[in-house]
Amino acid sequence: MAAQPQTKRVIACVSAGFFLALLVALGATAWLPEGAGKVNNLVFPAVAFPLVWVGIAVFLLGARRRRAWAISLGVALLAALPALIRL
């Protein structure tokens, strides 16, 4: 039985949101300050990851397709750029 087009779109948006949120979390380790315990830059991305994931997925589902994908990819790459430069 083939999946409905709406189901495929939801799966694509949630999957893309997951990978884009991973990029944002990766970048957040580079641009967040370490803090007194030197773990803030690691804990905050891990805690905020689900919120970022849901936010991106909802944005992709609700907005125009091409423009939303371009904006989401651009924001995720800009957020991950400091971490990618460190590598």
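Predicted model: local features only at pLDDT ≥ 70, side-chain atom pairs only at ≥ 80, totals over all residues.
Buried here means under 20% relative accessible area, exposed means over 50%, and partly exposed is anything in between (1.4 Å probe, protein chains only). Residues are numbered from 1 along each chain as its sequence is written, and side-chain values use heavy atoms, with hydrogens and water left out.

**Overall layout**

- The protein has three helices and zero strands, where helices (H or I, at least four residues) and strands (E, at least two) are DSSP runs numbered from the N terminus.
- Read along the sequence, that gives the pattern α-α-α.
- The C-alpha trace spans about 55 × 20 × 20 Å along its principal axes.
- Of the 87 residues, 29% count as buried.

**How the helices pack**

- Helix α1 (residues 5-31) and helix α3 (residues 65-86) have axes that come within 6 Å and cross at roughly 25°; axes are lines fitted to C-alpha atoms, for helices over the stretch in contact, and angles run from 0 to 180 degrees between N-to-C directions.
- That angle makes α1 roughly parallel to α3, as angles under 35 degrees count as roughly parallel, over 145 as roughly antiparallel, 65 to 115 as roughly perpendicular and the rest as oblique.
- The crossing of α1 and α3 is left-handed, the term for a near helix turned anticlockwise from the far one by less than a right angle, with clockwise giving right-handed.
- Sorted by class, the α1 and α3 contact has 19 nonpolar, three polar and three charged residues; Ala, Val, Leu, Ile, Met, Phe, Trp, Tyr, Cys and Pro count as nonpolar, Asp, Glu, Lys and Arg as charged, and the others, Gly among them, as polar.
- α1 and α2 pack at an angle of about 150°, with axes 7 Å apart, which makes α1 roughly antiparallel to α2.
- The α1 and α2 crossing is right-handed, and the contact has 20 nonpolar, three polar and one charged residues.

**Aromatic pairs**

- The structure holds four aromatic pairs; rings of Phe, Tyr and Trp (its six-membered ring) pair if their centres lie within 6.5 Å, and planes under 30 degrees apart count as stacked, over 60 as edge-to-face and the rest as tilted.
- One of them is F18 with F19, edge-to-face at 5.4 Å centre to centre and 80° between the planes; F19 counts as exposed, at 54% relative accessibility.
- F18 also pairs edge-to-face with F49, at 5.6 Å centre to centre and 85° between the planes.
- F18 lies in helix α1 and F49 in helix α2 (residues 40-62), so this pair ties together parts that are 31 residues apart in sequence.
- F49 is buried, with a relative accessible area of 16%.
- Ring pairs link F18, F19, F49 and W53 into a cluster.

**The nonpolar core**

- The largest nonpolar core has twelve residues, including C13, L20, F49, I56 and A76; such a core is a set of buried Ala, Val, Leu, Ile, Met, Phe, Trp, Tyr and Cys residues joined through side-chain atoms within 4.5 Å.
- α1, α2 and α3 are the elements that give two or more residues to this core, and the largest share, six residues, comes from α1.

**An exposed leucine**

- L78 lies in helix α3 and is exposed, with a relative accessible area of 63%.
- L78 and V54 are 24 residues apart in sequence and 19 Å apart in space, C-alpha to C-alpha.
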